[in-house]
Amino acid sequence: MKIENKHIKLFPAYEEVFAEDIEQARKHFLPICSLNLQAIYPTEDQWLHFVSVKEIGEGCVGQETHDYHSQYCKEDMYAFDVVGNKYKFAGDWNYFIAEQVGKQDKNCNEDTVKAYRANLSNFESRIQLEQWLQAYKDKISDTIYQKLLSKYKYFINGEPDKKLVDRLLDELEDEAKEYDSDYILNIYQKNEDTYKVGKAYFEKHGKIYPMTIGNYSRPISTIEELEQHLADSLQYGVEYPEFGGILDDIQFQSKESISVMNEYDIPMEEMNSFEGTNLIELPYDAEGNIFEYIGSFTGYLFQCYGADAAYLFYNKELKKAVMCLEYT
């Protein structure tokens, strides 16, 4: 299946993708490519957009903000209302943890872990610990809160391994410090910076950078560094995504998908169930049907901490486009 150039746009501008709240979209999203459905259905003149997020780092996108989840915005799933040929974010902007930065007390995560450590011997039960933690619940990261609860029994029973327990508590303090030092904003910045240099590489060469674009032991931050790294790697072979040089798959029409279906005699109905993936959430309509699968791309080709695969789903009747992230 060949995609004509008129049906695909790589690295579209935010103004081409989003119908409103452009600056909020610029804050949180990374537009990867736009696809006109005429590439799949000749009579459907509809543009849809493959969009990543800057929040991807450790854990799931949205894992800290359950109070702001909705039917199509939850862990590693985010949705858009399709308005004409553009998107409007279909969730509460507080779904993104970066919106919470500055709302919690500075050093609260670290101070809470230190207080927990100092009071550990006084907690006679998990219930007593939960009651003590209630005062901090809305001020600290949910990740830190859950770790303080989940490791409670191990820590209080760790007297024979006090050195190990102390080391684990030290690590927990270090993690808490990261959250207090606007850790998530650092993730945002790294993902944005690598996306920008990848986009600049594409604008210069007419092709995406076909390898992991960040997360090396030595950060890559310039086109020249990308070019040198690619030149050093050519001996090992380089492959570009199959569709438009940017998408790995469109509706299971990739050579890899077809090969798997033929080799294992897998019907399209089973492929469309996505049971063989690591997706933790899928978008369903009111009748329990999965939205129509459009295609996927490899996230880490476009940002430092990108998902292994990012899938776009669409429901024409609901005018909803949904992105789901997968990690191996």
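The legends below describe close-up views of a predicted model. Residues are numbered from 1 along each chain as its sequence is written, and side-chain values use heavy atoms, with hydrogens and water left out. Local features need pLDDT of at least 70 and side-chain atom pairs count only at pLDDT 80 or more, whereas totals for chains, interfaces and linings use all residues.

**View 1. Crossing of helix α3 (residues 108-119) and helix α7 (residues 162-180).** The axes, which are lines fitted to C-alpha atoms over the stretch in contact, come within 7 Å and cross at roughly 160 degrees, with angles running from 0 to 180 degrees between N-to-C directions. The two helices are therefore roughly antiparallel to each other, a term for angles over 145 degrees, and the crossing of α3 and α7 is right-handed.

**View 2. Residues that meet between α3 and α7.** Contact means heavy atoms within 4.5 Å; Cys108, Asn109, Glu110, Val113, Lys114, Tyr116 and Arg117 in α3 meet residues in α7 that include Asp166, Leu169, Glu173 and Lys177. By class, this contact has seven nonpolar, one polar and eight charged residues.

**View 3. Phe11 in the loop between β1 (8-10) and α1 (14-17).** Although Phe11 is not a glycine, its phi is positive, at about 50 degrees. Phe11 is buried, with a relative accessible area of 7%, where buried means under 20% with a 1.4 Å probe and protein chains only.

**View 4. Asp21 in the loop between α1 and α2 (22-28).** Asp21, a residue other than glycine, also has a positive phi, near 50 degrees. Asp21 is partly exposed, with a relative accessible area of 41%, a class lying between buried, under 20%, and exposed, over 50%.

Definitions and conventions: Helix = DSSP H or I, 4+ residues; strand = E, 2+ residues; numbered from the N terminus. Parallel < 35°, antiparallel > 145°, perpendicular 65-115°, else oblique. Left-handed = near helix turned anticlockwise from the far one by under 90°. Nonpolar A, V, L, I, M, F, W, Y, C, P; charged D, E, K, R; others polar.
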